[in-house]
Amino acid sequence: MKINFSSSLPQHGTIIVPVLQGGLSSPAVKLVDEQSKGALARGMKAANFKAKAGEKVMLAGPDGLDDAVVVLLGLGDGKGAVDAVALGGKALAAAGKGISHISVVSEGLTYAGKSGADLAGKIALGMMLRQYDFDIYRKKTAPKDAVALEGVTIVASDAEGATASLDEAKSIVAGVKVARDLVTEPPNVLYPESFADRCLELEKLGVEVTVLDVDAMTKLGMGCLLGVGQGSVKPSRLVAMHWKGGKDGEKPLALVGKGVTFDTGGISIKPAGGMEDMKFDMGGAAAVTGAMHAIAGRKAKANVVGLIGLVENMPSGNAQRPSDVVTSMSGQTVEVLNTDAEGRLVLADVLAYAQKTFEPSAIVDLATLTGAIIISLAHEFGGMFTKDDDFGADLMAAGEETGELLWRMPLTKAHDDMIKSDIADMKNIGGREGGSSTAAAFLARFVDDNVKWAHLDIAGMAWTTKDQDVCPKGATGYGVRLLDALVRRSFER
Ligand code: BES
Ligand code: MN
Ligand code: ZN
């Protein structure tokens, strides 16, 4: 899909005209009305168009625009507007499928506090994000869209200014696509080794990629991560992706991701119904990999290292048992009382490795860690756990900027007390109550007190069963834009 900005109106394809309530004579409406020799005004009147949020009127081939379909898109009073990016997604969806060219007339519009080139750029970003498609496994079935969308034109007078922002947006969209593709791939195709192979693609962008195999991890004493993977015939991996765009010697930000390529629960096996969802249990690792793509793609002036723990959690004659005791790389021992609480075991060793190898100034981990966070926050927010108020505020702000929202959750000594074990340093479950907080308390035990750290539980956010403004149903790529914004706001020089 090619995007361009132009100050003149294309004469073909679908032309979207977003209209605010009370903006029936906006510059965009005037422009299209003149071209269509008054057909737009007549159509608005005939359909009693009031520009209420979501209201749509279509005019096919009006006089003067014979080869075009004009769609008026109501925006309401604009007060509920939170995101200009979402408008781009809405516009793309309003155009429908099977269209080869779409134009959006944003000329003269102020929406969500944005106008001109700024607004045009955000609309383009939203359209690119919504335009995601994963269609590689339909071989004999007809493709979902018979006609591929070839081009998009955004009509704005400052076309040059808008074009300038497009390169950066493209890197971010590329990162989101990487994450969505990884999450969507079925687990027979995407398993620890094949996931690690895909990470090597980042070398093309100048990222230093290191892959640890089972031998290397055994030598490092990663008993927690390896215990989870030992039931699978697919050997585990740990991947480090290092982008050095910042000052020499400046400590990096570490992004850590849970990469359970399939979570059956292990011997504490999950029920059959819904188990298929657990292909997205590597959503944290996908977000980290996608974020590294975005950050390297736009040559961010920051030192950032992404680290992901890749395992498959399977039951087998060699799987770990409930009641096993394992020793982590940090030296702390863990009584594994439920093999389905595996994500925290994987992250424990990746967190230890991250600190020992890269001495980061700050760490953010992302994980589809607990079902309990979905009970708390539904699919509206990622759960954020941190002991550092300032770092927490930075992350919240990045969430608000991108629409990848976070909600801060409690992490206290009481939660830590709930994971005391009778025979080891800790147990891997705390009981049903406060399940997301006890999981966070477990992770906290593997992070040095001097290191800024936040844990994001994204179990409710990695996948959507409904189309969203900037994301068709399926994998969301949640976290990529959030992490990219965090780097831009708080870590770039
Ligand atoms: N991957 C799951 C968490 C999950 C559940 C993510 C549903 C997305 C949707 C995780 O490994 C898990 O199984 N957690 C258990 C923990 C429990 C055994 C303490 C859970 O949430 O039930
Ligand atoms: Mn599990
Ligand atoms: Zn899991």
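This is a predicted model: local features need pLDDT of at least 70, side-chain atom pairs count only at pLDDT 80 or more; totals for chains, interfaces and linings use all residues.
Residues are numbered from 1 along each chain as its sequence is written, and ligands are numbered from 1 in the order in which they are written. Local features need pLDDT of at least 70, side-chain atom pairs count only at pLDDT 80 or more, and totals for chains, interfaces and linings use all residues, while side-chain values use heavy atoms, with hydrogens and water left out.

Start with the domains. The domain assignment gives domain 1 (2-159) and domain 2 (169-490); such bounds come from an automatic or database assignment. Their C-alpha centres lie 38 Å apart. Across the boundary, 14 residues of domain 1 are in contact with 19 residues of domain 2 (contact means heavy atoms within 4.5 Å).

Now the metals. The zinc ion (ligand 3) is coordinated by Lys-258 (NZ), Asp-263 (OD), Asp-281 (OD) and Glu-342 (OE), at 2.0 to 2.4 Å. Donors here are N, O and S atoms within 2.8 Å of the metal (3.2 Å for Na, K and Ca); water is not among the atoms, so sites may look incomplete. Along the sequence, the donor residues of the zinc ion (ligand 3) follow the spacing K-x4-D-x17-D-x60-E. Lys-258 lies in strand S9 (residues 253-263), and Asp-281 lies in the loop between S9 and helix H10 (283-297), so the pair ties together parts that are 23 residues apart in sequence. Helices (H or I, at least four residues) and strands (E, at least two) are DSSP runs, numbered from the N terminus. Lys-258 is buried, at 2% relative accessible area. Asp-281 is buried too, at 2% relative accessibility. Buried means under 20% relative accessible area, exposed over 50%, and partly exposed in between (1.4 Å probe, protein chains only).

The manganese ion (ligand 2) and the zinc ion (ligand 3) are 3.1 Å apart, and Asp-263 coordinates both. Asp-263 is in strand S9, while Glu-342 is in the loop between strand S12 (333-336) and helix H11 (343-358), so this pair ties together parts 79 residues apart in sequence. Asp-263 counts as buried, at 2% relative accessibility. Glu-342 is buried as well, with a relative accessible area of 1%. The donors of the manganese ion (ligand 2) are Asp-263 (OD), Asp-340 (O), Asp-340 (OD) and Glu-342 (OE), at 2.0 to 2.2 Å.

The largest nonpolar core has 95 residues, and Met-241, Leu-255 and Val-364 have the most contacts inside it. This core draws at least three residues from each of domain 1 (2-159) and domain 2 (169-490). A nonpolar core is a set of buried Ala, Val, Leu, Ile, Met, Phe, Trp, Tyr and Cys residues joined through side-chain atoms within 4.5 Å. Leaving aside neighbours within four places in sequence, Met-241 touches residues including Cys-199, Leu-202, Val-288, Met-292 and Ile-308.

Finish at helix H1 (residues 27-35). Its buried residues are Ala-28, Val-29, Val-32 and Asp-33. They cover an arc of only 125° around the axis, which puts them on the same side of H1. That arc is taken from the directions from the helix axis to the C-beta atoms. The buried residues of H1 pack against strand S2 (12-19), helix H2 (39-46), strand S4 (67-74) and strand S5 (101-105). Just after H1, Lys-37 takes a positive phi of about 55°.
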